[in-house]
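Notebook open, model loaded. I want to go through the helices, the sheet and the aromatic rings in turn.

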Amino acid sequence: MSGAYDPRVIANLMLDVADRRGLKITNLALQKFLYFAHGIHLTKTKRPLVSGYFEAWQYGPVHPAVYRAFKQAGSSAISTRAAGKDPLTGKSRELPPPSDLSVFDLVSDVMRSYGHLPPGRLVDLSHAKHSPWSVVVDKARTDVAFGMQIPDDVIIDRFRHHKVSIGASPLAGEPPSDDTPFT
């Protein structure tokens, strides 16, 4: 892989894999899958999977560009795919899928490992103590955390802390299926 991918390209690939597996994915769940894939890729390669950044929102890490691309789905399962916009004509254009097979493998692995988990368990995982999300949120309580961004170096350093007890029920109950930034 040369550079980081447009996050919407990876999100579209995740939705395609989910469709083939018979999974219905909300924006909240998609955000967690994208974050986990990015974190796994970062820890293995020290290079980002997707361009841009994740922010610490109320229910975990969120990539704002992907959130905006699928916001119209609300709390329902996503049935569309993100599109690009031609900068010259302003017309919508399809986003081509990645050509790197290792990216397909990573996305398939993430969907196989996490795709069956309910949104509440995904939130539990993203909120794990000492995780990147937790570090940014804790810092914001006592210091300035500009835009609540979760820097890639923090993800590399803290991603290993995404461990919670095994079980089907979320610890904190089920969150809504849509997320909002901290206010």
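Predicted model: local features only at pLDDT ≥ 70, side-chain atom pairs only at ≥ 80, totals over all residues.

I started with H5, which is mostly covered: 7 of its 8 residues are buried. I listed them as Gly-120, Arg-121, Leu-122, Val-123, Asp-124, Leu-125 and Ser-126. So much for burial; what does the covering of the buried residues of H5? I found that the cover includes H2, S2, helix H4 (101-114) and H6.

I checked the confidence, and the mean pLDDT of the protein chain is 87, with 85% of its residues at 70 or more. Where is confidence lowest, and where highest? I got H6 for the lowest, at a mean of 88, and helix H1 (residues 7-20) for the highest, at 98.

H6 was next on my list anyway. It spans residues 132-142, and I see Pro-132, Trp-133, Ser-134, Val-136 and Val-137 buried there. Which elements do the buried residues of H6 pack against? On the helix side I wrote down H2 (27-45), H5 (119-126) and H7 (152-158). Strands S1 (54-57), S2 (60-62) and S5 (149-150) are also on that list.

Those strands sent me to the sheet. I traced 3 strands forming an open sheet in the order S2-S1-S5, with antiparallel pairing. S2 and S5 stand at the edges with a single partner strand each, so one side of each has no neighbour in the sheet. How many bridges join S1 to S5? I counted 2, and the two strands run antiparallel. Glu-55 stands opposite Gln-149 in S5.

Then I clicked on His-38, which is found in helix H2. Buried or exposed? His-38 counts as buried, because its relative accessibility is 1% and the cut-off for buried is under 20%. I looked for what the side chain of His-38 meets, and one of its polar atoms lies 3.3 Å from the backbone nitrogen of Leu-49. Leaving aside neighbours within four places in sequence, I have His-38 in contact with Pro-48, Leu-49, Val-50, Phe-54, Asp-152 and Ile-155.

Phe-54 made me turn to the rings. The structure holds 5 aromatic pairs. I took Tyr-35 and Phe-54 to begin with: their ring centres are 5.6 Å apart and their planes sit at 75 degrees, so the pair is edge-to-face. The pair links distant parts of the chain, since Tyr-35 is in helix H2 and Phe-54 in strand S1, 19 residues apart. I checked burial for both partners. Tyr-35 counts as buried at 0% relative accessibility, and Phe-54 counts as buried at 1%.

Notes
Residues numbered from 1 in each chain as written. Heavy atoms only, no water. Buried < 20%, exposed > 50% of the residue type's maximum accessible area, 1.4 Å probe, protein only. Helix = DSSP H or I, 4+ residues; strand = E, 2+ residues; numbered from the N terminus. Contact = heavy atoms within 4.5 Å. Pairing = 2+ DSSP bridges. Polar contact = N/O pair within 3.5 Å; in protein donor to acceptor, adjacent residues only side chain to side chain. Phe/Tyr/Trp six-rings, centres within 6.5 Å; stacked < 30°, edge-to-face > 60°. pLDDT = per-residue confidence, 0-100.
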